[in-house]
Amino acid sequence: MLALYRDQIHRHYSDFVHEPDVALDLLKRHPRIGRDSIDSRGIVLDTLAQKPYAFASGSRLGRIPVENELVPSIQTNDNQNVDGDMENLIVTSKIHSKKSTGLGSAKQITTTFGAMWHKSQWMFWNALMRLAPSIKAIHEQKLAHMQTVEIVRIICKEVIWTRHSRELKGALFTATRLGIHEFVNEFIMAYNMTADVLNEDRGNIFDVAVLHRHEKVFNLIHRVNFTTNLFSTEGNFGNNILHLAAKLVPSSEVAGAALQMQRELQWFKAVEKLIPPRRLGDENSSNQTPREFFTQEHKDLVKEGEKWMKETASSCSVVAALIITVVFAAAFMVPGGSDSRGIPNLLHEKSFMIFAISDMLALFSSITSVLMFLGILTSRYAEDDFLVSLPRKLIIGLITLFFSIASMMAAFGATVHISLSHKWNLVIIPVALVGCVPITLFAFLQFPLLLDMCFSTYGRGIIRDSSWREIASCDLVAKGSHKTRL
C-alpha cells in the first residue's frame with residue numbers, strides 16, 4: 001500500500017494539485033512519501049512549480065492583502081480545537097490572575113478577550129459560509145492555497161542544501177519565472193543562501209524576477225543574506241541586474257504605451273536604488289551602461305507613449321473646449337432674464353444660485369482641464385517625463401474634465417427647474433435622472449484609465465523602499481522554522 005501511495009506521488013502528483021488536502025494528509029501520515037530520495041522531492045516541487053493557480057499569487061485572492069479580505073484567515077483546527085484553546089486560555093488566565101500584579105492581570109484579560117473575539121469571529125464567518133456558498137468556495141480556495149504551501153514546506157524540510165541544491169534549482173527558477181513568491185519564499189526559509197543558486201545563464205532568482213517583472217518575488221531580497229554576487233555581471237552576457245531592469249518587457253496587464261513606459265521606469269528606478277553607485281556605470285558585452293541600454297530598448301515605446309498621450313489629450317481637450325463655450329455663454333444668458341441694471345430677476349431663488357455656482361465651477365474646471373491637456377501636447381516627452389510629470393497632468397485633466405461635465409449638467413438641471421417649476425413642480429426628478437446619464441457614461445469610459453494611472457503613479461511602489469546601504473549594512477538572515485543542514 002505504501003508503494004502504491006509513493007507511485008501516486010511520483011507519477012500522478014498533478015492530480016493531487018487539485019486535491020492538496022489529500023496530498024498533505026498522505027505526506028503527514030507517511031514521512032517517506034515524496035521524500036525517500038532527492039529525485040522524489042524534485043518531482044513534487046517541479047510539478048507544483050508549474051501550477052501557479054495552486055497558490056494565492058496565481059489567483060485573484062492573492063492580490064488582496066489578508067487583513068483586507070472579506071474572508072477570515074484560514075484555521076485548520078476544527079470547532080473542538082477552537083473551543084478547547086479558548087477554554088484553556090480562559091482557565092490559564094484565571095489561575096495566573098490570582099498570582100499576577102495589576103499589569104499581569106491586564107495582559108491576561110487582553111489574552112482572554114482576544115480568544116473570545118477570535119471564536120466569535122470564527123463563528124460569524126462559519127455561519128456566513130453556510131448562508132453564502134460563494135464565500136464558502138473562497139474559503140476552500142484559500143485553504144487549498146495554504147495546504148499547497150505547506151506541502152512545499154514539508155518537501156523542502158531536512159534537505160542537505162549544500163549537496164542537493166543543484167537537483168532542486170529547476171523548480172526554484174520555474175516558480176520564480178511564473179511569479180510564485182510563496183514557493184520561492186519557502187526555499188529561502190529552508191536555505192538562506194538561495195540567492196547564490198544560479199541557473200544555466202548564471203543568473204540568480206532576483207535576476208529572473210526582474211527580467212519577468214515579478215515584484216513580490218524580488219521583494220524577497222530583504223530576506224536573504226546580502227552578498228556582492230547579487231549584482232555581479234558574470235552571467236547574462238555581462239548584464240548586471242540593472243541591465244535586466246533596463247530591458248523592455250511587454251506586459252498584458254498594463255494598458256496603454258504611456259503606462260507601460262511608466263512601469264518600466266519605475267522598475268529601473270527601484271532597482272537602481274539597490275545598486276551600489278560603483279555598479280551604475282558597469283558595461284555589458286555590448287559596451288553599454290544600464291542607462292544607455294534602457295534608452296535603446298525603449299526608444300520605440302517612448303514614441304508610442306507620446307502618440308497615445310497626444311491622441312488622448314487632443315480628444316479630451318476638444319470636449320473641454322466645447323464645455324467652456326457653452327458655460328461661458330450661459331453666464332451672460334441667465335434664466336429668468338435681467339432688469340435694466342443687469343441684475344438677474346431670480347437672483348434670490350435657490351435654483352438660480354445653484355445654476356450660477358455650477359456654471360462657474362464648470363467654467364473654471366474646464367479651463368483647468370484644457371490647460372493640463374495643452375501641457376501634455378507641448379511636453380518635450382523625455383523618458384523621465386513618463387514617470388510622474390505626464391501621468392500627473394493627465395490625471396488632473398481627466399478629473400477636472402469629469403468635474404466640469406458634472407457641474408454643467410447641474411447647471412442645466414437648475415435652468416430647467418427654473419423654467420418649468422411653475423408648471424410641473426416635480427420636473428426636477430426626471431431631469432436629475434437624465435442628467436446622470438452622461439456623467440455615468442463618462443465614468444464608465446474614463447474612470448478605469450484614471451484609476452489605473454492614479455494607482456500606478458501614487459500607489460504602493462513596486463519594490464519596498466530600501467537602498468543598497470540598508471541591505472548591505474543589515475545581516476538579513478532568512479528567519480523561519482526550518483534549519484539549514486550543512
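Reader: Is Arg-153 buried, partly exposed or exposed?
Author: Arg-153 is partly exposed, at 26% relative accessibility. Buried means under 20% relative accessible area, exposed means over 50%, and partly exposed is in between, with a 1.4 Å probe and protein chains only.

Reader: Where do these numbers come from?
Author: This is a predicted model, where local features need pLDDT of at least 70, side-chain atom pairs count only at pLDDT 80 or more, and totals for chains, interfaces and linings use all residues. Residues are numbered from 1 along each chain as its sequence is written, and side-chain values use heavy atoms, with hydrogens and water left out.

Reader: Back to Arg-153. Which residue forms a salt bridge with it?
Author: Glu-186 does. The closest N and O atoms are 3.0 Å apart. A salt bridge here is a side-chain nitrogen of Lys or Arg within 4 Å of a carboxyl oxygen of Asp or Glu.

Reader: Which parts does that pair tie together?
Author: Arg-153 lies in helix H7 (residues 133–156) and Glu-186 in helix H9 (residues 181–190), so the pair ties together parts 33 residues apart in sequence. Helices are DSSP runs of H or I with at least four residues, strands are runs of E with at least two, and both are numbered from the N terminus.

Reader: And is Glu-186 buried or exposed?
Author: Buried. Its relative accessible area is 4%.

Reader: How many salt bridges are there?
Author: The count comes to 10 salt bridges. One of them joins the side chains of Arg-291 and Asp-384, at 3.2 Å from N to O. Arg-291 is in helix H14 (residues 290–297) and Asp-384 is in the loop between helix H16 (350–377) and H17, so this pair ties together parts 93 residues apart in sequence.

Reader: How accessible are Arg-291 and Asp-384?
Author: Arg-291 is partly exposed at 28% relative accessibility. Asp-384 is partly exposed too, with a relative accessible area of 38%.

Reader: What about Lys-310 and Glu-306, how far apart are the closest N and O atoms?
Author: They are 3.0 Å apart, and the two residues form a salt bridge. Lys-310 and Glu-306 are 4 residues apart in helix H15 (residues 299–332), so about one helical turn separates them. An α-helix has 3.6 residues a turn, so residues three or four places apart point the same way. Lys-310 is partly exposed at 31%, and Glu-306 is partly exposed at 25%.

Reader: Which residues do salt bridges join into one network?
Author: Lys-269, Arg-291, Glu-383 and Asp-384. Their salt bridges share partners.

Reader: New topic. How many aromatic pairs are there?
Author: There are 10 aromatic pairs. Rings of Phe, Tyr and Trp (its six-membered ring) pair if their centres lie within 6.5 Å; planes under 30 degrees apart count as stacked, over 60 as edge-to-face and the rest as tilted.

Reader: Why is the pair of Phe-206 and Phe-218 edge-to-face?
Author: Because the planes are at 90°, with the ring centres 6.0 Å apart. Phe-206 is in helix H10 (residues 205–211) and Phe-218 in helix H11 (residues 215–218), so the pair ties together parts 12 residues apart in sequence. Phe-206 and Phe-218 are buried.

Reader: And what are Phe-402 and Phe-447 like as a pair?
Author: Their ring centres are 5.1 Å apart and the planes are at 50°, so the pair is tilted. Phe-402 is in helix H17 (residues 389–420) and Phe-447 in helix H18 (residues 428–458), which are distant parts of the chain, 45 residues apart. Phe-402 is partly exposed at 22%, and Phe-447 is partly exposed at 30%.

Reader: Which residues do ring pairs link into a cluster?
Author: Phe-55, Phe-183 and Phe-187.

Reader: Zooming out, how many helices and strands does the protein chain have?
Author: It has 19 helices and 0 strands. Buried residues make up 42% of its 486 residues.

Reader: Why is H4 called largely enclosed?
Author: Because 9 of the 12 residues of H4 are buried, the rest of the structure largely encloses it. Among the buried ones are Ile-38, Arg-41 and Leu-45.
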